[in-house]
Amino acid sequence: QVQLLESGGGLVQPGGSLRLSCTISGNIFSFNAMGWYRQAPGKQRELVATISSGGAAEYAEFVWGRFTISSDNDKNTAYLQMNSLKPEDTAVYYCHAASVVTANHGMDYWGKGLLVTVSS
C-alpha cells in the first residue's frame, strides 16, 4: 500500500526556516513528480513547488528566492527548504506525488498535511 509520509512542520518565528520532507512508502516502480501544496484557513489549496523525477523544479511566484524543492529519487523522497518565512506562509502543507506506478496501477497520492505556523 502506497502512502506519503510527511515530516518537518511546526511553529517558527518570522524570518526563520523549516524543512519539510515527504517519502513515498510502499513498493513502487516509478513516479512522475513530487510537490508541495498549501492551504491557509479560508483559502483554496495552492501550488507551492514541484519537482519532476528528472529534477526539473517549478515554483509559485510567492516563494521565489525563499523556498527550494529537492528530491532524492533513490529514497523516493522530496524536500522543501523554506527560508525567510513570513506570517502569510502559515498554512497546512500537503505533499503530492504524481503518477505513482505500482504493480497494480498508476495514480496520484496526497499526504495528510503538515501545519506550518509562522508567528512571533
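**Figure 1. Overview of the chain.** Of the 120 residues in the chain, 42% are buried, where buried means under 20% relative accessible area, exposed means over 50% and partly exposed lies in between (1.4 Å probe, protein chains only). Please keep in mind that this is a predicted model, in which local features need pLDDT of at least 70 and side-chain atom pairs count only at pLDDT 80 or more, while totals for chains, interfaces and linings use all residues. Residues are numbered from 1 along each chain as its sequence is written, and side-chain values use heavy atoms, with hydrogens and water left out. The chain has eleven strands and zero helices; these elements are DSSP runs numbered from the N terminus, with helices being H or I of at least four residues and strands being E of at least two. Along the sequence the pattern reads β-β-β-β-β-β-β-β-β-β-β. The radius of gyration is 14 Å, close to the 14 Å that the globule rule gives for 120 residues, so the chain is as compact as a globular protein of that length. For that comparison, the radius is taken over C-alpha atoms, and the globule rule is 2.2 Å times the number of residues to the power 0.38. Taken along the principal axes, the C-alpha atoms fill a box of roughly 45 × 25 × 20 Å. Among contacts with a separation of 6 or more, 54% come from residues 24 or more positions apart, a contact being heavy atoms within 4.5 Å.

**Figure 2. The disulfide of C22 and C95.** A disulfide, counted here when two cysteine sulfur atoms lie within 2.5 Å, joins C22 to C95 with an S to S distance of 2.0 Å. C22 sits in strand β3 and C95 in strand β9, so the link spans distant parts of the chain, 73 residues apart. The angle about the S-S bond is -85 degrees, making the link left-handed. Both ends are hidden from solvent by the numbers: C22 is buried at a relative accessible area of 0%, and C95 is buried at 0% too. The count by this rule comes to one disulfide.

**Figure 3. Two aromatic pairs.** The structure holds two aromatic pairs; rings of Phe, Tyr and Trp (its six-membered ring) pair if their centres lie within 6.5 Å, and planes under 30 degrees apart count as stacked, over 60 as edge-to-face and the rest as tilted. Y37 and W110 form an edge-to-face pair, 5.0 Å centre to centre with 65 degrees between the planes. Y37 belongs to strand β4 (residues 33–39) and W110 to strand β10 (residues 106–110), so this pair ties together parts that are 73 residues apart in sequence. W110 is partly exposed, with a relative accessible area of 40%. Y59 and W64 make a tilted pair, with 5.5 Å between centres and 55 degrees between planes. Y59 is partly exposed at 21% relative accessibility, whereas W64 is exposed at 60%.

**Figure 4. Arginines over tyrosine rings.** R19 lies over the face of Y79, at 4.1 Å from the ring centre. R45 takes up a place over the face of Y94, at 3.7 Å from the ring centre. A charge sits over a ring here if NZ of Lys or CZ of Arg is within 6 Å of the ring centre and within 35 degrees of the ring normal.

**Figure 5. D89 and its surroundings.** D89 is in the loop between β8 (77–82) and β9 (91–101), and at 1% relative accessibility D89 counts as buried. The side chains of D89 and R38 are joined by a polar contact of 2.9 Å. Such a contact is a pair of N or O atoms within 3.5 Å; within protein, one must be able to donate a hydrogen and the other to accept it, and residues adjacent in sequence count only if both atoms are side-chain atoms. Beyond its neighbours within four places in sequence, D89 is in contact with R38, R66, F67, S84, V116 and V118.

Figure 6. S84 lies in the loop between β8 and β9 and has a positive phi of about 50 degrees although it is not a glycine. S84 is partly exposed, with a relative accessible area of 40%. G15, in the loop between β2 (10–12) and β3 (18–25), is exposed at 54% relative accessibility. Setting aside its neighbours within four places in sequence, G15 is in contact with S84 and L85. G15 and K86 are 6.4 Å apart in space, C-alpha to C-alpha, and 71 residues apart in sequence. N76, in the loop between β7 (67–72) and β8, also has a positive phi, near 50 degrees, and counts as buried at 17% relative accessibility.
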